Amino acid sequence: MAEIPRLDQTRPLSPHMQIWRWHVTMAASILHRVTGVALWAGLLILVAWLYALAAGPVAFSAVAGALASLPGLAILFMVTLSLFFHLANGIRHLAWDLGFGFQLKTADATAWGAGLFALAANLGFWAWIVTAVRAAS
Amino acid sequence: MSDLVTPLRRARGLGSAKHGVGHFIGQRVSAVAILLLAPWVLWSGARLAGSDFDGVRRWLAQPLDAALTILLLLAGFYHAQLGVRVIVEDYVDGRIARVALLVLNAFVAAAAAVLAVVCVLSVVLGSGAV
């Protein structure tokens, strides 16, 4: 919570969002935060679901019904998309912590990789769910 | 340092509080824990899709699935709370808003995690499986 001295307030801050060209590594970085916040909300959905499960069949069918509605499914779809991206990009972060993957080309490739993996894995996961639900009914 | 500084100003110039490493390590250790739980989470999610009340309760009443659910809640909320804390510290400048959001983040994470763990235990103990 450092107060910025008066003299410094007129100096430019870095990084300068307005002048940097958007780059895939910047997108991955901010998406890691956005998806992290989305997963915070996803955890709260999990808590609501567990609470309803403990509360009884009426509460459970209300929560399960809301999640199975079109807006509910859209939210769950975004939560799993966030999960796959955060998971992949999180592995990227852990690799950096171990000292790997800092070369520009590697960082670019893994940023693209995390995004493409998230899209593909999410579609695959939901295809799996639709198949499983159809087979059960 | 000049004598023309207040004690507070001098204290602020002394650098970090030396507690950052705990946050850093906690964030990463919980990340690895969630990473290890991820295959079970995805497998369970797909298996439970379309299940009814009794089916889901039977699943959660099993000791292994109940234990993994509790581990996911603890690791997940710990990790989420650490992450959102950094985001608040980075983007929220107003002192009151910043403290309020940091406290809210910690309280909601703790309350939601404890509530969910109690719900899991209630299903497990109510089922007669253990």
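Reply: The buried residues of helix H5 of chain B pack against helix H1 (24–55) of chain A, together with H3 and H4 of chain B. A residue is buried if 20 or more other C-beta atoms, placed from the backbone, lie within 10 Å of its own, exposed if 12 or fewer, and partly exposed in between. The model is predicted: local features need pLDDT of at least 70 and side-chain atom pairs 80 or more, while totals for chains, interfaces and linings use all residues. Residues are numbered from 1 along each chain as its sequence is written, and chains are lettered from A and ligands numbered from 1 in the order in which they are written.

Helices are DSSP runs of H or I with at least four residues, and strands are E runs of at least two, numbered from the N terminus. H5(B) has 33 residues and spans 48 Å from its first C-alpha to its last, close to the expected 48 Å (1.5 Å times one less than the number of residues). Its buried residues are Ala109(B), Ala112(B), Ala113(B), Ala116(B), Cys119(B), Val120(B), Val123(B) and Val124(B).

H3(B) packs on H5(B) at an angle of about 95°, with the axes 8 Å apart. Axes are lines fitted to C-alpha atoms, for helices over the stretch in contact, and angles between N-to-C directions run from 0 to 180 degrees. The two helices are therefore roughly perpendicular (65 to 115 degrees; under 35 is roughly parallel, over 145 roughly antiparallel, and the rest oblique). Arg57(B), Leu60(B) and Ala61(B) of H3(B) meet Val120(B), Val123(B), Val124(B) and Ser127(B) of H5(B); residues are in contact if their C-beta atoms, placed from the backbone, lie within 7 Å. This contact has five nonpolar, one polar and one charged residues. Ala, Val, Leu, Ile, Met, Phe, Trp, Tyr, Cys and Pro count as nonpolar, Asp, Glu, Lys and Arg as charged, and the others, Gly among them, as polar.

The contact between the chains involves 26 residues from chain B and 28 residues from chain A. On the side of chain B that touches chain A, H2 (20–48), H3 (53–61), H4 (63–91) and H5 (95–127) each supply at least two residues. The largest share of that side, seven residues, comes from H5(B). By class, that side has 19 nonpolar, four polar and three charged residues.

Another pair within chain B is H2(B) and H4(B), which pack at about 140° with their axes 8 Å apart. That angle makes H2(B) oblique to H4(B). Among the residues that meet there are Ile34(B), Leu37(B) and Trp40(B) in H2(B), and Leu68(B), Leu72(B) and His79(B) in H4(B). The residues of this contact divide into twelve nonpolar, eight polar and one charged.

The axes of H1(A) and H3(A) (residues 70–97) come within 8 Å and cross at roughly 130°, which makes H1(A) oblique to H3(A). Their contact includes Leu31(A), Leu39(A) and Ile45(A) of H1(A) and Met78(A), Leu83(A) and Phe85(A) of H3(A). It has nine nonpolar, seven polar and no charged residues. Trp49(A) also lies in H1(A), and it counts as partly exposed because it has 18 C-beta neighbours inside 10 Å. Trp49(A) and Val133(A) are 84 residues apart in sequence and 19 Å apart in space, C-alpha to C-alpha.

Conventions: Two residues are in contact if their C-beta atoms, placed from the backbone, lie within 7 Å.
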